[in-house]
Amino acid sequence: MSKNNKHTLLIIEDDRGLQSQLRWHFEDYETVFAENRQDAIAALRLHESPVVIQDLGLPPDQDGVDEGFKCIQDILRMSPTTKIIVMTGKTDHDNAIRAVAMGAYDYYEKPVDPQTLDLIVQRAFNIFELEEENRRLARLQQTPLEGLVTNDPQMLKICRMLEKISPTNVTCTLLGESGTGKEVMARAIHHLSPRRNKRFVAINCAAVPENLIESELFGYEKGAFTGAGKQTLGKVETAHEGTLFLDEIGDMPLNLQSKLLRFLQERVIERVGGREEIPVDVRVICATNKNLQEMVDEGSFREDLYYRICEMTVEIPPLRTRQGDKVLLARHFMLKFAKEHDQKIKGFTPDAVQSIECYGWPGNIREMENKIKRAVIMADGKHITRDDLGLVTDGEDLSLNLRQVRQEAERHAILRAVAMTDNNISAAAKLLGITRPTFYDLIKKHDIPLGSNTVPNL
């Protein structure tokens with residue numbers, strides 16, 4: 001909506017007489033006109049009109065419809081939510097239907113009937129606003145999985161992926177650095193699955209000695225080895241009808257990988273010292289911080305097992321790359337531990353927040369959890385300070401000055417536009433959706449030199 005609170009309506013029509021008629025008729029709207037496809041795209045970039053009225057016959061193909069269809073495609077590619085109302089002749093019904101099939105909102109047959117066109121335009125604006133409100137509410141209601149604290153777009157996308165994986169029995173592998181929350185995500189998959197009321201059994205393949213991991217996984221019979229005084233079920237059997245989480249599977253000994261592969265293929269096990277095949281119904285989720293593909297190439301991980309456990313892979317980003325998650329998680333842990341230890345901590349000092357944002361967190365979420373827990377216990381006041389956290393940063397200056405961020409983005413966009421158009425000022429201004437005078441003002445504002453070696457093509 002424009003500054004005078006009028007809706008902006010883009011009209012793509014090369015007939016000057018019809019332009020004048022439509023301008024007068026739609027005086028309650030902020031009308032913008034374009035006579036060809038290129039000008040239409042530039043006007044859409046500049047004014048971001050939610051509703052467009054477009055004639056199919058556009059120059060240089062006034063007698064055809066190819067240019068009109070290309071214009072529809074360009075508009076929807078750039079702004080998929082825009083409502084396009086196509087104007088056609090009475091004998092052009094088939095092309096109108098084709099335009100709607102391509103994504104146009106509606107069509108209108110000439111000659112112009114003001115009341116009918118009014119109704120179509122008003123309805124298009126209403127539908128656009130309803131859809132925008134629906135998208136806004138959907139964003140507000142977009143919550144991560146159980147146990148996950150995140151607001152990072154990439155992590156939220158992963159959450160949606162896990163929601164789709166959860167109802168299935170597909171074997172998936174979670175990839176990511178140590179401490180990124182792989183077990184939390186595995187548990188979230190389990191809680192969203194039909195097996196949620198059964199057991200979730202986890203085993204860390206790196207934490208169990210090599211000579212014990214087979215019996216830990218598959219169990220053993222009485223007398224199978226010295227000290228085996230009774231029949232004992234392994235992790236796999238314990239997880240029957242539930243979920244088995246194999247953490248750090250990249251550390252599993254090569255000789256045991258073949259037995260795991262057989263279990264995954266046949267869904268039967270044999271206990272150590274036993275000969276009976278025992279069927280097991282279990283969902284398997286794996287995780288590792290190692291590069292399994294490199295291990296396959298080196299021969300330290302079986303290729304057939306790799307493909308079996310990687311029916312679906314999910315790469316979890318490290319904490320340092322997650323947008324806005326550092327302070328969000330820090331506050332979550334601060335509230336959690338303050339309650340657990342009965343500490344009257346209310347928050348972080350500004351220098352503590354800056355250090356949290358600037359620190360690289362090589363240990364990811366696990367490191368943060370430990371640091372915040374220590375800070376909650378050691379804090380002298382009601383706010384956790386930089387010293388309480390004990391973080392060593394590289395002295396980076398965290399700037400969240402919105403004006404500065406905008407200026408940097410604006411300057412970068414101008415430089416890109418000039419480069420992409422080979423210093424053609426008119427083309428660069430059109431690409432950015434601004435006028436040439438505005439473009440020159442921005443060049444002057446950002447002190448972008450246009451010397452003898454960079455003379456623009458006008």
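**Figure 1. Arg-123 and its salt-bridge partner in the predicted model.** Arg-123 is partly exposed, its relative accessible area being 39%. The structure shown in this and the following views is a predicted model. Arg-123 forms a salt bridge with Asp-106, and the closest N and O atoms of the two are 3.1 Å apart. The pair links distant parts of the chain, with Arg-123 in helix 5 and Asp-106 in strand 5, 17 residues apart.

**Figure 2. The salt bridge between Asp-74 and Arg-37.** The closest N and O atoms of Asp-74 and Arg-37 are 2.7 Å apart in this salt bridge. Because Asp-74 belongs to helix 3 and Arg-37 to helix 2, the pair ties together parts of the chain that are 37 residues apart in sequence. Asp-74 and Arg-37 are both buried. The two residues also belong to a network of salt bridges that links Arg-37, Glu-67, Asp-74 and Arg-77. In the model as a whole, the count of salt bridges comes to 23. Side chains of opposite charge can pair when their charged atoms come close.

**Figure 3. Glu-410 and Lys-445 joined by a salt bridge.** The side chains of Glu-410 and Lys-445 meet at 3.1 Å, N to O. Glu-410 is partly exposed, with 29% relative accessibility. Lys-445 also counts as partly exposed, at 49%.

**Figure 4. The largest nonpolar core and the surroundings of Ile-309.** This core has 32 residues, and those with the most contacts inside it are Leu-217, Val-236, Leu-246, Leu-260, Phe-263, Phe-301 and Ile-309. Two or more residues each are given to the core by strand 7 (200-204), helix 8 (213-218), strand 8 (243-247), helix 10, strand 11 (283-288), helix 11 (292-298) and helix 12 (303-309). Helix 10 provides the largest share, five residues. When neighbours within four places in sequence are left aside, Ile-309 is in contact with Thr-171, Cys-172, Thr-173, Ile-249, Leu-264, Cys-286, Leu-292 and Phe-301. Apart from this core lies another, of 23 residues, among them Ala-330, Met-334, Phe-337 and Tyr-359.

**Figure 5. Cis peptide bonds at Pro-60 and Pro-111.** Most residues other than glycine have a negative phi, and most peptide bonds are trans. The bond from Pro-59 to Pro-60 is cis, with omega near 5°. Pro-60 is located in the loop between strand 3 (51-55) and helix 3 (66-78). Lys-110 and Pro-111 are likewise joined by a cis peptide bond, with omega about 0°. The loop that holds Pro-111 runs between strand 5 (106-109) and helix 5 (114-141).

**Figure 6. Positive phi values at Glu-48 and Arg-267.** Glu-48 is not a glycine, although its phi is positive, at about 50°. This residue is found in the loop between helix 2 (37-47) and strand 3. Glu-48 counts as exposed because its relative accessibility is 63%, where exposed means over 50%. Arg-267, also a residue other than glycine, has a positive phi near 60°. Arg-267 lies in the loop between helix 10 (254-266) and strand 9 (268-269). With a relative accessibility of 24%, Arg-267 counts as partly exposed.

Terms used:
Residues are numbered from 1 along each chain as its sequence is written. This is a predicted model: local features need pLDDT of at least 70, side-chain atom pairs count only at pLDDT 80 or more; totals for chains, interfaces and linings use all residues. Side-chain values use heavy atoms; hydrogens and water are left out. Helices (H or I, at least four residues) and strands (E, at least two) are DSSP runs, numbered from the N terminus. Buried means under 20% relative accessible area, exposed over 50%, partly exposed in between (1.4 Å probe, protein chains only). A nonpolar core is a set of buried Ala, Val, Leu, Ile, Met, Phe, Trp, Tyr and Cys residues joined through side-chain atoms within 4.5 Å. Contact means heavy atoms within 4.5 Å. A salt bridge is a side-chain nitrogen of Lys or Arg within 4 Å of a carboxyl oxygen of Asp or Glu.
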